[in-house]
Amino acid sequence: MQREDSQRMWNKILAIFIILILLSSSVSASIIDTIWGLITKPLKGVLKSWEHVLKNPKHFIKHWGKHFAHEELEEKGERIRTFAYVFLLGLFTWTVTKDISENINRYILINPDPLHEGVKSTVYSFIHLLIPFYVLALVSLGVYILFLSTSPKGRSRAKSMVSKLIIGMILVTISPHLLNFFFTLSENVTKNILTQGEEEVTDAVGTYTGVMWKSWFLTVGAIYGVNALGDIVTETVTHATGFSISQIKKHHYSWGTRGMKGYWPVKVLGTLDKILSKLKVEAEPGRTIPMLMLSITLFIGVYGILAFRYLMVMFFTLLFPFTIFFLCFDPTKKLGGTLLEQLLLWTFVQEFYAIILVAIGTGMIMLPEDLLGYGFGIWPLTISFFDLAACFTLMLGPIILFMLLRKLLPPL
Amino acid sequence: MRMNSRIKILIVIGLILVAMSISTAVRIPKIFGESHETGFNRMGIIIWIAKRLLYIWLSASYGTEGLNELKANLSEIVMMNPSITTLSNLMVIVIKLVFALYIPAIAFLGFYILFLSSSPEGRAEAKSMLTKLIVGLIFVSVSPQLMNLLLTVSEGLTSSILAPTAKGVFTKAWDTSIGATPLDLRLELSGLKGLHFIATFIEIELGFYTFLFFMILVWGAFIFPILIRFFAVSVFIVLFPLSILLYSFEFTKALGRTMLEQTIIWTFLQVINALIVLTVVQSIISLGEDFMKVGWGITIPVIPLVGCLMFAVAPLFIIRFFRGFLP
Amino acid sequence: MRKKKFMNLMALALVIILLMIVSAEAKGIKLESLEVLLESLIIKPLIRGLVIAAPIGYWLAYQDGTSFVKNFNRVILYNPPTEGILPFLNILLKILFPVYSLLIVSIGFYLLLYSSSPEGRANAKSLLSKLIITLVLISLSSRLIWLIFSISGYLTDSIFSLTSLELIREILNGGIWGMLILSTWLMIPDIELGAVSLMLVYVFAWLPYMVISLRNIILTALMILFPLGILLYFIPELKSIGKTILEQFLIWTFIQAFMALALVSVAKAFSVTTLVSNPEITCLNIFPVPGINNMLAWFFTSIDLGTTNLMTLGFGAVAHFSIILVPIVMVLLFKKFLP
Amino acid sequence: MDKKSRIFTLLVVILLLSTLVNAGGALLGIIDVAIKEGLKLVAKGWIVSTGWQVIDFYEKIFDSFPLLLTTNPPMSEITSGMFFFIKIIAPFYILAIVILALYILMASSSMRGRAKAKSMLTNLIIGLVLISLSPGVLKVFFIISENLANALISMGANAGISALKGASGGLYEKFWKLTLIHRTGGIELFAIHTTLLFGLTIMLLLRHVMVILFGMLLPLAFFLYLFYPTKHIGKGLFMQTFLWTFMPIAWILALVIIGTVIGSIPSYIPEFYILIAALFFFIGSPMMILGVGDWLAFLVFLFEVLQAAPLSIGAVVIDETMK
């Protein structure tokens, strides 16, 4: 009951308010007139706003066409944004290609320096960490030898383990120098490979940079070329239908059109002018995300893998004392074997990289010229399949070789 | 209540009448009417930029949500472990279940012995199985303490690895790879944030697809494996008695082995994470700031970036390679 | 709660707009907001609904969009004709007959003349019997394939008889239509919103056909290789190749039975599973205010506007996916079963 | 926002507008821009509300979690299929027994051969028992799994379910906030969100389907298990039945663990990411606990979802090459 009462009351109040508002704007005029006007005026206005539409539907079409295209306001922003996009992407491509063609060798050859004081101190702190483990292992072995060893065979095994542990201690203390020797060895091997195939390497890097540039060209083409074609088509169509004169007249370059509109040269000039100005307009960078992804993938595929390799080598370098300990203590031999294997393999990735580079270069040099043309994209903006394949080989080849060699290595 | 509403109504009516009279009395000149076009344009541009800025601010704040706290207590997060006490009631249930499972297991072994008793070596084998089972029983009854010991060992190792680490370098790697924008009240445009800034101004989808997810990943790759490890370790804590049983029972040894291995691996993944932090720190120290720093204007710091993303990949390698070490 | 908030917001916005339009028209000022209203709230949604959603609905309803749903049992039961291998078989026999005759004759001579040791004779005899068996099997291989096909076809048919085909058809229909309804619901305000579900509609429409035609193609290839497989199976050195060929042939033949089984079990599960709450969604999203949508949907459903619920959608999707999953499971599960 | 206050706001807005209507064009222009933005906001609100309707539609599956996880399909549906397969097996079976018997009677050339045949015959008899018992075996599976599930789900699985709900809610929140700023801002999140929820639904329903399928195949599994060449197929089928029947245990265990542990995670980790990790952990828990599939597959999937496009490609490649 109560709620219905309040409901009705609120409805009443609402009605009162509406009437008040209707009345409100008619303080200065006579009541009936204003109310009638308030009812009719909007209708009249609506009719007026639509009557020209009803008269010439062409204008209506153009009107809405303009609406479905970009707004005048957004065009300004579009030009700046698109140009900035293309410019920045070009800059990125330029820097990356320059950087990689300059010092790919350095990136491949770099190894963590075990004698660097930070690394050294960390390794030595790990060695300190290892001491209790050593004590534990030795004590358990001693206990085994003293009390639990029933058979002479077991005792002899235990003794050999003790000797192993002792050797392991010595190795652990000089582990940074061992690693340093090993790294220099592999660096020299890599350097030899790279110097053997000088021009192959440059050719392979050239392929990589070429693909990066090509993807930028594709981006530019996808942004501007499509619009150019589209505008030419639309302009010809509007010429055929023939109401683009007003557009030319309205155009901000009105030099060609003043006073002599309607002649074909004027139309052509205006159209060309319009196209040339339109080229910067309505370009959507969003439609070039695949090319952007390609560039980023290429970038990460080389830089990321090299950096990751460096970090993994550093990881196993820091773990090296543990590796030696695990190797020398029989129960954890398997673990140590895995660790050592990982260290070797991640260090050898640089050789793999050099080999892959030389191989790609050789393949590219040996490839017949007429095959290089095949690719996707519209001429002249094509990326050759072989170049792409070369790039992806450059990215994935080292990993695949890594896995293959992991299978080939003898189980420790 | 009702009085209040009535008073409100009266107030509103009065307001409306006053406003009406004012608005009709005051006539605003027509000049403003003409300038309405240009005013619209200016406002449109302002609104366009404001929207973009708001979007960048919001998405970047999502992309770096709670990053400062992570930076503040990095080592705590690396050393985060589930406490046994919270899981004790579940563990008790599992232990009861395992004890219940022991009865059929022993009965089965008894039958096995009866059948095998023909040959002495078979009998010896069966006896060894029985002893294994009994030892397993002992281990099951102390399994919470065992698990606690395991966790303590891994935490101790982790802390002793993280102790000499300059954690500031790692947080700095985060900072350099994520970067800053004027929206952070800093007069610079750097790192993923800066790239996201520019990309979003060019096209919102562009910023979204290219850099925002990297921004999340740079520290999400740090936090997600740790959280997943947290949940997995708690699962394996709860299942620990069961895995001991399966490992000690001859016929389900393979399954028990894998379960125990997974328990150990996921427990000691903590140590690996600490080592990764150490690795990144050492690499940045030994390589210097501007090694592999590509770009002009906005540079992409590759080593810190990959170092932060290493959390995503290195555990995969570890889990993949370090299997089958139990007898 | 959130929905309520949106309702209030939008109702307010609409009132404001109407007032503005009225007043502006009264003052004769051209409004940008009116055009935005027409463009982004009325015309583009209508275009999306009419140009994208409606044709797909037509395609599903009257064209071959739901062709798999309409005759899935025929498609699954279909096997490539066994006559296809006859020319290849003739070529193979042309090659093999001289070899065989030569071998048989040589073995006969061996038995007649140099039959020194009994085990040698036994070996020769076993070889002879093997040769003859192989020859018979190869010359009968088209019959053999026909036999296998008819067995698996009979099996499939009898598996289909475990439930009513109508129920299965209903479930498949529910899956594909529900996806379309969902994508329409999402598509009308913004096209990218419904991208995933629209993609799923096409996946449901095409991928089962793709899998089944893949089965037929592979089966045809293996059918041609079948006699060769038999031959190689009886040569000890090349046994593994022949084994693989025969195994693959059998697996890919009996996949149809497993597809049928998967569909049948989906139907069984659909008839027995219950959800606690089974929400509905109706492809009517023509008003910014969800409340009005629901009201209109409630009003229109009496004249059967597309409505889907979670059960139908989920089980339809499961049915389509199970068709896609079955070959993988089979090939993984049924490896190396021949001796 | 109750009715009265709504009406009040409405009235105030109308009042302001009417005043501005009477005032001249400049203000009208500015208001016009404001209203243009407002209309855009309405369009975005439309998108958001639509997305909300669909997400709500999908989120209803969370209510059915306990039911779907603690129940198995009724035996009556499965037994019919089982009997169908038993009918198919029977002739082969009789044939095998007859051939063996004949072999033992007639062609018992060697003692060993006869012994082998006899063991085969005993095998067949055992198989006969097993096959006739197979509905009982499946029933036992069901009883065990249902009892375990009911015992576990009372340990606080609801907290886990609410954690999953929270993950979904967090995704939705980010989606609508980003979308209200720009209409295509949150589309990607929405796609991920709906895909995850739909995947959850599919997983839960597919499990019931698979239980029915492999349950119907159980006699066939026993039959294949008896003969040496097809032994591993029978084993595989049996294992599949086992795994699909006991998968909810893993899920419920994951839910319980999430519900128990999630409180003890330090608060400086943003909650949204904890919840998302919980969601992925729930999805991957069968792979973890029952060992269905590979670990790496789950982790690779996780990073796929995290959208590290090049990185996850690398991970996939690593996975493929490591196999």
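1. A quick word on terms first: helices (H or I, at least four residues) and strands (E, at least two) are DSSP runs, numbered from the N terminus. The expected span of a helix is 1.5 Å times one less than its number of residues.

2. Please keep in mind that this is a predicted model, where local features need pLDDT of at least 70, side-chain atom pairs count only at pLDDT 80 or more, and totals for chains, interfaces and linings use all residues. Residues are numbered from 1 along each chain as its sequence is written, chains are lettered from A and ligands numbered from 1 in the order in which they are written, and side-chain values use heavy atoms, with hydrogens and water left out.

3. Have a look at helix α9 of chain B, residues 167-178. Its twelve residues reach 17 Å from first C-alpha to last, close to the expected 16 Å. Phe170(B), Thr171(B), Ala173(B), Trp174(B), Ser177(B) and Ile178(B) are buried in this helix (under 20% relative accessible area, with a 1.4 Å probe and protein chains only). They lie on the same side of α9(B), because they cover an arc of only 145° around the axis, taken from the directions from the helix axis to the C-beta atoms. After α9(B) comes Gly179(B), with a positive phi near 75°.

4. Trp174(B) turns up again in the largest nonpolar core, of 369 residues, where Trp174(B), Tyr58(D) and Phe65(D) have the most contacts. Such a core is a set of buried Ala, Val, Leu, Ile, Met, Phe, Trp, Tyr and Cys residues joined through side-chain atoms within 4.5 Å. Helix α11 of chain B (residues 204-248) gives the largest share of this core, 32 residues.

5. Now to Tyr303(A), which sits in helix α11 of chain A, residues 289-318. Tyr303(A) is buried, at 1% relative accessible area. Leaving aside neighbours within four places in sequence, Tyr303(A) is in contact (heavy atoms within 4.5 Å) with Val96(A), Asp99(A), Ile100(A), Tyr107(A), Met292(B), Val294(B) and Val302(B). Between Tyr303(A) and Tyr107(A) there are 8.6 Å in space, C-alpha to C-alpha, although they are 196 residues apart in sequence.

6. One more contact list may be handy when you inspect chain D. Not counting residues up to four places away in sequence, Phe65(D) touches Ile161(D), Leu164(D), Leu200(D), Leu204(D), Leu255(D) and Phe282(D).

How values were computed
Buried < 20%, exposed > 50% of the residue type's maximum accessible area, 1.4 Å probe, protein only.
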